[in-house]
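Visitor: Hi! Could you walk me through this one?
Guide: Happy to, here it is.

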Amino acid sequence: MGLDDKKKNDKSEQNPKGKMGEEQQEMKVYIQGAGGTIVTKSILNGTAKLKWLFRQESEHGNGWVAFGDTDSQEYVDDPKNMAIVDFNILANIEPTAVNVFYMPAGSDLEFRSDKTGKYFVDTRTGKEIREQVKHPVQIAFEKNLKFLNQETYPTDFFQMLFTESSKIRIIQAGEADFPTGEIVLADPLAYLGSKYETVLDKRIPVGSYPVKLSVCLSRIAGIRFAAAKLLISSKQPVRYEIAMPKGKKREDLGKPGVFTFFGVDTGLACFADGKVSDLNRQFFEKWKKENPGKNKYNDYFAALFQESYEANPDFQNQAGSFLEWKLPESGHRTVLFSSGMGDGMYSGYWGLDEEGEAACLVMLFMNPEYF
């Protein structure tokens, strides 16, 4: 049965009564925010078992439509025999439906139950679907994990990250001060100023530098920062190489105990000067003594991020996604920003000009092509 054969009218009752109403009240929630699903009343009242399930493009509901094993064409042609219910109601009737919830629009499935178990068959390919299909974001996230922290990437890839397109926007989040030129990559809330920050081997000239963010406008993951760039000079990078930790060279790559990445555990990252990092540590040691039991984010940074959002609401979530923060005593600035899909291990990459000098330093969080 094709889409046109099954789907005749999606205008149906929003709040079916009787047994369906009781099931709505008692239903187990398998998927939060699953949305509305068109289901024949024969399935809902128990006179038919789930047989056909297909997904259409829909501006309302999740697009799934379910038909029973005894439903005739005449039956499904009558909109009075259809109901719009939360997908979880269908899942309470047949839990195997949860396995295919994240399949894309255009999916056309037949439900089967035999001695081998309960499963779906893709009517277009004949493929059996016996395991739960992953959310598109989960699939992209897993691919992204494998992509990150390579020794290098093509120059064109980094250029794409910082070239505006239908999927990419570039914003300047602020400036960072480097009074010593020593660079630290770290999670600013969890590790900045600690032994777990990553100090880089290469230094930059003392000065202040803009921090630019590559905003990925993802259809499946929303607004995310794909990369961050510390712009060191106006020269164009001709190649990129992974940033090595202090005391290590590129030839040390792969040796035991040599790690080129830094950890993120609060969903935030930053470029910072070595001296500023130490001043950050001193400031918060004092702050914690003066504010026992208080949380660094909730009781200090949250209000500042909120102010950043209110001043620059584009490409931020409502809690704030980036912040140019000044240390209260020294006034040294550090730019804090969200790290792509959140917590993880990330690396920095030097963009080198024709003379081999650092033109920029890039933190890579996401490959926009996956999202």
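Guide: One term before we start: buried means under 20% relative accessible area, exposed means over 50%, and partly exposed lies in between (1.4 Å probe, protein chains only). This is a predicted model, where local features need pLDDT of at least 70, side-chain atom pairs count only at pLDDT 80 or more, and totals for chains, interfaces and linings use all residues. Residues are numbered from 1 along each chain as its sequence is written, and side-chain values use heavy atoms, with hydrogens and water left out.

Visitor: Which residues of α6 are buried?
Guide: Val137, Ala140, Asn144 and Phe147. Helices (H or I, at least four residues) and strands (E, at least two) are DSSP runs, numbered from the N terminus.

Visitor: And where do they sit around the axis?
Guide: On the same side of α6, because they cover an arc of only 80°. That arc is taken from the directions from the helix axis to the C-beta atoms.

Visitor: What covers them?
Guide: The cover includes α7 (155-161) and β19 (358-364).

Visitor: What span should α6 have?
Guide: Its twelve residues (136-147) should span 16 Å at 1.5 Å a residue, and the end C-alpha atoms are 17 Å apart, which agrees. The expected span is 1.5 Å times one less than the number of residues.

Visitor: Changing topic, how do α8 and α9 pack?
Guide: Helix α8 (residues 274-290) and helix α9 (residues 297-311) meet at an angle of about 120°, their axes 12 Å apart. Axes are lines fitted to C-alpha atoms, for helices over the stretch in contact, and angles run from 0 to 180 degrees between N-to-C directions. The two helices are therefore oblique to each other; under 35 degrees counts as roughly parallel, over 145 as roughly antiparallel, 65 to 115 as roughly perpendicular and the rest as oblique.

Visitor: Which residues make the contact?
Guide: Phe283, Phe284 and Trp287 of α8, with Asp299, Tyr300 and Phe301 of α9. Contact means heavy atoms within 4.5 Å.

Visitor: Last one: is Arg333 buried or exposed?
Guide: Buried, with a relative accessible area of 18%. Arg333 is in strand β17 (residues 333-338). Leaving aside neighbours within four places in sequence, Arg333 has contacts including Glu175, Asp177 and Glu324.
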